[in-house]
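Visitor: I have some questions about how this model is described. Can we go through the terms one at a time?

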Amino acid sequence: MDDSGEGQATVVTPASAGSPGPAAGPSSTPAPAPAPPASAPSSAPASTPGAAPAAPPTAAPAPPARPPFRLGYRPELDGLRGLATIPVVSHHIVRLMWPTGDHWVFPGGQVGLDLFFALSGFLITALILGEFERTGRVDVVDFVRRRLRRLLPALLVMMACLLAVSVVGERYSPGVLLSSTGWVATFSTNLVFDRPIVELAHTWSLSVEAHFYLLWCLATALVVSRVRRPYPVLAGLAVGTVVVVAVTRALAYHDGVDVVGMYVATLRRLDGPLLGALAGIAVVAGWVDRVPRRWAVGACVAALAVLGVTAYRTTPISPVLFEGLFTAVAACGAVLVVAASLASGSRLHRFFTARPLVALGTISYSVYLWHFPIIMWFHRNIRGWPVAGKIAACVMGSLVAGVVSYALVERRFLRPKRAAAPA
């Protein structure tokens with residue numbers, strides 16, 4: 001996307017287009033015009049007798065309008081998804097398979113979820129505002145349909161397999177299984193966190209994202225339909241809400257509110273996706289188009305450093321997270337999302353677009369869905385294996401399940417509809 005104004009038309013005036021010389025006048029020479037007084041020199045050039053009148057000055061044309069925004073495929077975003085997957089899955093595996101070593105391997109694995117939240121906020125906002133720029137409106141019903149088409153198929157297949165295994169193993173009663181399915185399928189897990197079966201506990205983050213999708217789409221549709229310049233208003237709305245969420249969460253923590261309930265509550269975690277949404281607004285509006293690449297690289301390095309330190313110096317319920325670090329980490333995630341694209345051509349960008357990282361990011365949703373049920377199955381049923389063997393089996397099982405789910409389920413629903421054949 002280039003809005004630098006290159007390729008503007010050159011203005012051609014009569015003088016520059018080969019205008020004819022002075023016309024041949026009559027035989028009698030006209031009297032010359034009197035010279036201006038010496039005390040008032042004229043700044044305009046004297047006209048040549050018989051010359052064509054000078055053309056009026058022509059205003060330079062306005063630069064071309066910025067084309068409607070289209071996100072397109074950005075492999076660095078898949079790379080960031082892959083990067084976010086590593087601490088989340090590693091934290092869960094090590095915590096259950098090697099409890100005495102969880103302080104060595106991403107004890108603060110929640111930073112992966114913070115990065116996921118920022119990515120979701122960015123992508124959703126870019127899609128919504130891109131649609132607005134192309135069509136002049138936001139179709140809320142179509143947006144919800146597309147989000148359900150993206151989230152539900154792989155989720156329902158995972159739950160069907162899990163329920164079948166649970167019935168055969170007689171671990172849960174049919175009533176418990178059906179109620180758990182209902183909570184998960186309606187993205188309500190975080191509202192009743194202690195009710196679904198433990199194999200589905202990780203789906204609370206999907207509930208947070210689904211709630212954000214709906215609330216933010218409605219808010220965006222309202223703003224763009226009522227406000228002439230919607231981007232500054234949306235940015236202010238996002239910033240204001242982030243401040244409210246961060247302050248109320250810190251106050252609730254010091255008032256003794258249950259930390260687990262706050263950790264999974266939508267209204268306590270909206271700062272993550274909203275900071276990603278703010279990044280999306282900045283990109284769509286073109287506010288970061290002229291950021292130098294060296295600044296983007298520096299921002300990436302700083303954000304990665306904060307995420308890395310947080311991953312090794314905190315746990316999911318560390319007090320400092322609720323006192324403001326959740327918001328700071330989410331802000332670093334949003335910076336990383338924007339700067340990773342602006343750093344194109346750098347070594348850091350090549351790292352984000354490395355094939356293994358991009359491949360992991362491509363299947364990250366399915367890996368996230370399947371990894372926790374697989375970990376719980378190994379935790380309950382495999383005895384006598386060495387720790388390294390159980391960890392390796394969980395990693396391989398999660399990756400294989402992710403590949404199969406992506407290939408057989410996700411891709412079927414991610415493919416664009418084929419164009420109708422001509423009549």
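Guide: What follows sets values against cut-offs. Keep in mind that the model is predicted.

Visitor: Why is Glu131 called buried?

Guide: Its relative accessibility is 12%. Buried means under 20%. Glu131 therefore counts as buried.

Visitor: Where is Glu131 found?

Guide: Glu131 lies in helix 2, which covers residues 110-135.

Visitor: Which residues is Glu131 in contact with, leaving aside neighbours within four places in sequence?

Guide: Gly136, Arg137, Val138, Asp139 and Arg146. Contact here means heavy atoms within 4.5 Å.

Visitor: Is Cys300 buried or exposed?

Guide: Cys300 is buried. Its relative accessible area is 0%, so the value falls under the 20% cut-off.

Visitor: What makes Cys161 partly exposed?

Guide: Its relative accessible area is 35%. Buried means under 20% and exposed means over 50%. The value for Cys161 sits in between, so Cys161 is partly exposed.

Visitor: How many helices and strands does the protein chain have?

Guide: The protein chain has 15 helices and zero strands.

Visitor: What share of the protein chain counts as buried?

Guide: Of its 423 residues, 43%.

Visitor: What share of the accessible surface belongs to carbon and sulfur atoms?

Guide: They hold 65% of about 22,700 Å².

Notes:
Residues numbered from 1 in each chain as written. Predicted model: local features only at pLDDT ≥ 70, side-chain atom pairs only at ≥ 80, totals over all residues. Heavy atoms only, no water. Helix = DSSP H or I, 4+ residues; strand = E, 2+ residues; numbered from the N terminus. Buried < 20%, exposed > 50% of the residue type's maximum accessible area, 1.4 Å probe, protein only. Areas by Shrake-Rupley, 256 points an atom, 1.4 Å probe, with all protein chains shown as cover.
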